[in-house]
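Welcome! Take a moment to turn the model around on your screen, and then let us walk through it together.

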Amino acid sequence: RTVYLNGTYLPETEARVSIFDRGFLMADGVYEVTSVLGGRLIDFSGHLIRLQRSLDELGISNPLTSDEWLAAHRELVAVNKITDGMVYLQVTRGNPGDRDFAWGEGVAPTVVLFTQDKPGLADNPQALTGLRVISIPDIRWGRRDIKTVQLLYPSMAKMMAKKAGVDDAWFVEDGNVTEGTSNNVYIVKGNKIITRPLSNDILHGITRAAVLRFAKEAQFEIEERLFTVEEAKAADEAFTTSASAFVMPVVEIDGAAIGTGKPGRVAPRLREIYLDEMRKAAI
Ligand code: PLP
């Protein structure tokens, strides 16, 4: 694979980042993952806007212009011949030359981009059967709205899910569901779609924003409020959204079937609308 590192395209085996890079030592960096369908970028502007926000929150200057970001994404999609897959981008505060908690000014951010080939990304068979999840305590830090590379607990959560023989985990804080390991979460009751409101407690999903917009247009009622695992168990349906898995039905939580235990009417419909609309708008 060809990757991008600080303005240069090179083979992945030749890309080198310093051991003093604060991304490596302190998880001091942010990332975005943009899906590619049919060789085109899905919701690219949404990702760039959130990237800017994450960088601003951490006081890291954006090392590339929007045009440069787009050009780098397109170049990697082309040279790596990605039809369906993703482009991962990461910006860290860079290499100050030594290890120190405090950072100085004038360190150049480290910029990395690479692609992942995922043939048939939009045809995931799990979208037809639905996901099974467990709930676990949310012990992450208090700024989950910043998309940092500090992904240890979400990784541990995925391993807990795997060990429990299910697909994913939902985080719970003060009795309420926050989000999934790498997705925003929703329950459906009648014509109502219920999801946690935006705050520092969850990532402001790009897919969340698009799906809520499409759901409103499709005459669903949106209720942004807290909900519990018990309420999720008693819901008609549940689902997740993310840029890499789109809309996924959730059919079981902590061993209890949600609704019929099969994907319902709403999540598959929103998945179809989302994919149709986003493919049309892809660049
Ligand atoms: N919540 C968390 C913790 C995530 O890691 C992600 C995606 O990576 C999401 C939500 C979904 O966000 P998006 O729709 O922008 O991919």
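This is a predicted model: local features need pLDDT of at least 70, side-chain atom pairs count only at pLDDT 80 or more; totals for chains, interfaces and linings use all residues.

In soluble globular proteins, nonpolar side chains tend to be buried together.

Ala238 is a handy place to look around. Leaving aside neighbours within four places in sequence, Ala238 is in contact with Tyr186, Ile187, Val188, Ala232, Val250 and Ile258.

## The whole protein

Eight helices and 15 strands make up the secondary structure elements of the protein. The radius of gyration is 19 Å, which agrees with the value near 19 Å that a compact globule of 283 residues would have. Some overall values are listed here.

| Property of the protein | Value |
|---|---|
| Span of the C-alpha trace along the principal axes | about 55 × 40 × 35 Å |
| Residues that count as buried | 39% of 283 residues |
| Contacts joining residues at least 24 apart, among those at least 6 apart in sequence | 73% |

## Around the ligand

Which residues are around the ligand? They are Glu179, Ser182, Asn183, Asn184, Leu203, Gly205, Ile206, Thr207, Arg208, Thr241, Ser242 and Ala243. By type, this shell divides into three nonpolar, seven polar and two charged residues. Helix H6 (206-217) and strand S13 (237-242) each supply at least two of the shell residues, and H6 gives the most, with three.

How values were computed
Residues are numbered from 1 along each chain as its sequence is written. A residue is near a molecule or strand if its C-beta atom, placed from the backbone, lies within 6 Å of it. Helices (H or I, at least four residues) and strands (E, at least two) are DSSP runs, numbered from the N terminus. Ala, Val, Leu, Ile, Met, Phe, Trp, Tyr, Cys and Pro count as nonpolar, Asp, Glu, Lys and Arg as charged, and the others, Gly among them, as polar. The radius of gyration is taken over C-alpha atoms; the globule rule is 2.2 Å times the number of residues to the power 0.38. A residue is buried if 20 or more other C-beta atoms lie within 10 Å of its own, exposed if 12 or fewer, and partly exposed in between; C-beta atoms are placed from the backbone. Two residues are in contact if their C-beta atoms, placed from the backbone, lie within 7 Å.
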